[in-house]
Amino acid sequence: GKQTLAANASKGAGGGDVGVPKPGWDKSVWTHGDWSFWLLTGPVVTLAFSFFMFYTYGLPGGLLTFAVCAVIDTATFYYNL
């Protein structure tokens with residue numbers, strides 16, 4: 001059968017897997033393409049969509065959109081969601 005990286009990992013002191021790469025948390029393994037994709041689909045889309053909502057629905061719509069998108073961007077950056 002096909003083995004995954006998790007199957008080859010050892011358990012650490014806290015019970016977590018040691019030696020399993022986690023690109024979402026370890027930004028040092030991200031390539032330029034990973035950064036470009038995240039920047040395009042994260043902050044750039046957040047700003048564009050927020051400005052669109054601001055011009056369409058006014059300040060409350062723009063701020064609410066920005067707040068929701070900023071939480072999502074933060075979650076995808078820090079927690080790899």
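View 1. Thr-65 sits in helix H2; helices here are DSSP runs of H or I with at least four residues, strands are runs of E with at least two, and both are numbered from the N terminus. This is a predicted model, where local features need pLDDT of at least 70 and side-chain atom pairs count only at pLDDT 80 or more, while totals for chains, interfaces and linings use all residues. Residues are numbered from 1 along each chain as its sequence is written, and side-chain values use heavy atoms, with hydrogens and water left out. Is Thr-65 buried or exposed? Thr-65 counts as buried because its relative accessibility is 10%; buried means under 20% relative accessible area, exposed over 50%, and partly exposed in between, with a 1.4 Å probe and protein chains only. Leaving aside residues up to four places away in sequence, Thr-65 touches Phe-49, Ser-50 and Met-53 (a contact means heavy atoms within 4.5 Å).

**View 2. Helix H2 from end to end.** Along H2, the buried residues are Gly-61, Gly-62, Thr-65, Cys-69, Asp-73, Ala-75 and Phe-77, and they pack against H1. Just past the end of H2, Asn-80 takes a positive phi of about 55°.

**View 3. Helix H1 and its bend.** H1 runs to 26 residues and reaches 36 Å from first C-alpha to last, close to the 38 Å expected at 1.5 Å a residue. Where does H1 bend? Look at Val-45, where the bend is about 35°; the angle is taken between axes fitted to the seven residues ending there and the seven starting there. Trp-38, Gly-42, Thr-46, Ser-50 and Met-53 are the buried residues of H1, and they pack against H2. An α-helix has 3.6 residues a turn, so residues three or four places apart point the same way. Just after H1 comes Gly-58, with a positive phi of about 95°.

**View 4. Thr-74 across from Gly-42.** Thr-74 also belongs to helix H2. Thr-74 counts as partly exposed because its relative accessibility is 40%. From Thr-74 to Gly-42 it's 32 residues in sequence, but 8.9 Å in space, C-alpha to C-alpha.

**View 5. A nonpolar patch on the surface.** Leu-47, Phe-51, Phe-54, Tyr-55, Leu-59, Leu-63 and Phe-66 make up this patch, with about 760 Å² of accessible area together. The elements giving it two or more residues are helix H1 (32-57) and helix H2 (59-78), and H1 gives the most, with four. Patches take residues with over 30% relative accessible area and no salt bridge, joining like charges within 9 Å and nonpolar side chains (Val, Leu, Ile, Met, Phe, Trp, Tyr) within 5 Å. A salt bridge puts a side-chain nitrogen of Lys or Arg within 4 Å of a carboxyl oxygen of Asp or Glu. Areas come from the Shrake-Rupley method with a 1.4 Å probe, and for residues only the protein chains shown count as cover.

Definitions and conventions
The expected span of a helix is 1.5 Å times one less than its number of residues.
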